[in-house]
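Subject: Structure handover

Hello,

Please find the structure below. My notes on what was found in it follow.

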Amino acid sequence: MKPPCLGTGWRGLRYKDVEVERSDSEAPKVGLHGTDSALASTWGNCQWQLSLSHDGDYCRPTAIALCSPHSTTSVPPESETQI
């Protein structure tokens with residue numbers, strides 16, 4: 001199943017299992033729970049981009065998941081490049 005960020009809508013997901021949370025640094029982050037968390041783990045390694053807009057009492061989050069498939073081979077630590 002493709003994630004909703006690829007245009008499949010909410011099929012297979014529960015909107016109550018997605019939330020905006022506060023990270024340890026107090027920056028907002030995407031929180032997935034229950035079925036949504038299990039499903040997202042099948043997408044591979046994901047980096048989430050989150051944008052928040054607000055007006056008065058209303059807030060609108062927009063999230064984009066950038067995912068790469070799970071690797072079936074391990075990379076030795078000495079070959080990793082740090083940026």
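Glu26 sits in the loop that joins strand S1 (18-22) and strand S2 (28-32); helices (H or I, at least four residues) and strands (E, at least two) are DSSP runs, numbered from the N terminus. This is a predicted model, in which local features need pLDDT of at least 70 and side-chain atom pairs count only at pLDDT 80 or more, while totals for chains, interfaces and linings use all residues. Residues are numbered from 1 along each chain as its sequence is written, and side-chain values use heavy atoms, with hydrogens and water left out.

Glu26 is not a glycine, yet has a positive phi of about 75°. Its relative accessible area is 57%, so Glu26 is exposed (buried means under 20% relative accessible area, exposed over 50%, partly exposed in between, with a 1.4 Å probe and protein chains only). Ala27 belongs to the loop between S1 and S2 as well, and is partly exposed because its relative accessible area is 34%. Neighbours within four places in sequence aside, Ala27 is in contact with Glu21 and Arg22, where contact means heavy atoms within 4.5 Å.

Asp36 is part of helix H1 (residues 34-40). Its relative accessibility is 1%, so Asp36 counts as buried. Setting aside residues up to four places away in sequence, Asp36 touches Gly12, Leu13, Arg14, Asp17 and Val18.

Strand S3 (residues 45-55) pairs with strand S4 (residues 58-68) in the antiparallel sense, over 11 bridges; two strands pair if DSSP finds at least two bridges between them. Opposite Gln49 stands Ile64 in S4. The hairpin of S3 and S4 has 2 residues between the strands, and Gly56 there takes a positive phi near 65°.

How many aromatic pairs does the structure hold? There is 1 aromatic pair. The ring centres of Trp43 and Trp48 are 6.4 Å apart and the planes are at 45°, so the pair is tilted (rings of Phe, Tyr and Trp, its six-membered ring, pair if their centres lie within 6.5 Å; planes under 30 degrees apart count as stacked, over 60 as edge-to-face and the rest as tilted). Trp43 counts as buried because its relative accessibility is 12%, whereas Trp48, at 31%, counts as partly exposed.

Last, confidence. The chain averages a pLDDT of 76, and 71% of the residues score at least 70; pLDDT is the predictor's confidence in each residue, from 0 to 100. Residues 75-83 have a pLDDT below 50, and this stretch has 1 contact in the model beyond near neighbours in sequence. Where pLDDT is low, the predicted coordinates should not be read in detail.

Regards
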